[in-house]
Amino acid sequence: MPAEIYLNVAISGLLTGLVYGLMALGLSVIFGVVRVVNFAHGEMMTIAMYLAVALFSAYKLDPLAMMVPIAAVLFALGYVMQRGLINPFINRPEHSQFMLLVAVALILVNGLLIVFGPDARAVQTAYAFSSFALGPLIVDANKVYAGLAAVAVAGLLFAFFRCTLVGKSIRACADNYMGALVVGLDVNRLYALTFGIGAACVGAAGCIMVLLVDVTPPLGPAYTLLAFVIVITGGLGSMPGALLGGVLIGATEAVGGLLFTPSAKSMFSFAILVLVLLFRPQGILGKRVAT
Amino acid sequence: MSNLLEVDRISKSFRGLKAVQDVSFTVPEGTIVGLIGPNGAGKTTCFNMIAGVYRADAGEVRFAGSPLRNARPDQVCRAGIGRTFQLVKPFAGLTVMENVTVGALNACPTVRAAKDKAAAVIDQLGLGAKREQMAASLTLPERKRLEVARALATGPRLLLLDEVMAGLRPTETDRMVALFRELNAKLGLTILLIEHVMRAVMALSNRLVVLHHGRVIAAGRPEDITRDPAVLESYLGEEAL
Amino acid sequence: MRQALLEGVPRRGLHMLAGLLLALIALPLVAGDYIITVMILILYFAYVGQAWNIMMGFAGQLSLGHALYVGLGAYAAAALYVHFGISPWVGLWAAMAVSALAGAVIGFLAFRFGVAGVYFAILTIAFAEFARIGFDHWSWVGGSAGFFLPVANYARNDLLTLRGSPAMFYYVTLAMTAAALVLCHVLLRSRVGYHWQAIRESPDAAQALGIDIFRSKMIAVVLSAAMTSLGGVVFAFHYNNLFPEQIFHISRSIELILGPIVGGVGTLLGPIVGAFLLTALSESLQEVMRALGVDVPGIKQVFYGICLLVVVMFLPDGVWPPLSRRLGLGNGRAKEQAEEGGP
């Protein structure tokens, strides 16, 4: 196969990977700060996707334009979940918290199944079929917009954590829980805020993702898994790592799907996951956690 | 009397911080040796190197003549060295009896035999009444006794005690001291202990080894050590002299 | 031997268990096929839940990919039967071997490389997914189109090839579950059982007491995998069709851990109680929905999710320990104290 095809596929995968990365960013933020493994992450993304689809089919509103309101809804969901459900669990053993979120995921996925049914839903925007040509490269327009949107949101998130007081407070909690308490930060509120932000991130990612794929309820668990693979590969607790991981996974899946069969492409992600867990558990950009 | 434990010029650094430097001492069989020194001197690090938790950067530890080369903690225990932890680690979800039985399994071929041995050790440590209580419900002094019972049940030739007396009332301390004296006298159990409670150290130890900033600054009989100026300085500071 | 087996088990509990067993044995004589089929499901979940419990409740390793072992067991035995006519009683050994090997690989990779806790759970998920996609593309066992066993006449019960009526499968699963219960009871009192519990409570202390952590964990994983695979064998021969998308799917993995979690992780009877409770309640729920004429796909899973949520939040030790206390059977912990059961 000519090299251009690989290049096109790789770039396509890369752009999709940016959206994966944004999704994983939400997970990284949540785990990095609250230290909770959000097993319902993909399900939250699916909720955002369904919301986008619903708004589009009802009012013809472009998902990218709906990013802000949908992200706000997801923020509220995340905030409430953390405050109400997870905070009381902070001191329970790890697998207890895990099972809690597994339960939430189970309820969300099947709740979506009940409400929206098993058939795929899609969003057909005006630019869905156009593409950009740059020399030998031909890239779908929606992928380009998706990639740009993902980068923009990620950039906003970085800025938030770097520049705002709240963002810095959250980073302080992540670095040193006890220290944060001692200086008087309301850690519970900040945790809830962080979960909300992670959820909002995922909400934005969902809006963007709708441009690229059709929505079905089983996407939830699939994306949760993907988010974990990306975050572990890129490095738990590292925000650039999440994006890097997303791009890496997106590209390898796309090229792998080309080289072998498309349906086997997730096998590559899992192979990468196993390798990372064994040989570099802190991920590519992660810091080795001192025990 | 042969040396049961020989610590030969061991060193350990943690990311540039030299916790233990070139430490050597011996523990003759059947004696009780106290490892003392101010906080942060490197005592627990030495213990951890002997017990196989840390790998020494340099030097060697020999037990009964053979080097403990990169031995894992469980291998060290099977070789005959038992240890307690400074921050006690009871099996909270198990009863006292079950806790000690786990230790006894190291020394006994069957579960039945292990249970019998565990019962005996529990009585020795005065926990007989609490046998069927969950470890999580014990008070701190009781947990310390459980910690010792567990290590003792493994049938060690050498027992490493890490600040076992910390937090105990004087009567409890005396009780523990009496117990260790008895084990040492009757069973010939060799003991290496880290301790800050001087009452216990002086009552038990045949010899003392003093660490300061990761080095041995003195070793010898307790009466001599307590008069050694270097030792006094390390504990009380230069001005006190 | 008998004394050692029954030592420490409260008299009352033994009588209740014996009574329950007799009732279960007599069940097919009075109940119709529907009830029997539901019971088979309950016993299946009780069995695989018990097998999972060995890894999690006893050795403290959270596996969220146990469907891998069910699937491997199912496909191994089914393939040998369909392609070579080998009886499942022989095929089950191959099933156990394959699953044990898979467990050993996962365990080795995880424990040698220090993958623990949540990371270990994710590793197990990854392997199950790997198998799911892999088997989807393996044509020798049907691939994604499915693998089918020849369905025979149900009038005749052929135990040798496991072809027969629901009642036959009922007794097979009942025997398996009872055997698993006895096995776990024996294991807990054995040397390895003590080792597992020590590791679960405090790995550092366990090591300091001479326990080889790697070896003990490996035994737990391999045993759990092999046991689970037998559930897969029964599954294959009872339902007669296998689809990778279903049998290896993560929802299967989650389904089979619901019983032990709801019942009580680490307890002996927890998985069985949990399986009974969940299946009985969900079947009743579905009956009610059917009677109301409402068809809501996914309601069963939502129900499971809510049960799981309630148990994790309010009954972290599971349903069995408090229930066992009510029944005067001690605190429901896996080890019953000798003193507690006596009058």
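## A pair in chain B

Which kind of link do the side chains of B:Glu60 and B:Arg69 meet in? They form a salt bridge, with an N to O distance of 3.6 Å. Keep in mind as you look that this is a predicted model.

How open are the two partners? B:Glu60 is partly exposed, at 25% relative accessibility, while B:Arg69 is exposed, with a relative accessible area of 62%. Both residues also belong to a network of salt bridges that links B:Glu6, B:Asp8, B:Arg9, B:Glu60, B:Arg62 and B:Arg69.

## From one chain to another

Now find B:Lys89 and C:Asp204, whose side chains meet in a salt bridge of 3.4 Å, N to O. This pair crosses between chains: B:Lys89 lies in the loop between strand 6 (81-83) and helix 3 (96-104) of chain B, and C:Asp204 sits in helix 9 (residues 203-208) of chain C. B:Lys89 is partly exposed at 24% relative accessibility, and C:Asp204 is partly exposed at 42%.

Over all chains, the whole structure has 26 salt bridges.

## A buried alanine

Finally, look for C:Ala51 in helix 3 (residues 33-58) of chain C. C:Ala51 counts as buried because its relative accessible area is 0%, and buried means under 20%. Setting aside neighbours within four places in sequence, C:Ala51 is in contact with C:His66, C:Ser224, C:Met227 and C:Thr228.

Technical notes
Residues numbered from 1 in each chain as written. Chains lettered and ligands numbered in written order. Predicted model: local features only at pLDDT ≥ 70, side-chain atom pairs only at ≥ 80, totals over all residues. Heavy atoms only, no water. Helix = DSSP H or I, 4+ residues; strand = E, 2+ residues; numbered from the N terminus. Buried < 20%, exposed > 50% of the residue type's maximum accessible area, 1.4 Å probe, protein only. Contact = heavy atoms within 4.5 Å. Salt bridge = Lys/Arg side-chain N within 4 Å of Asp/Glu carboxyl O.
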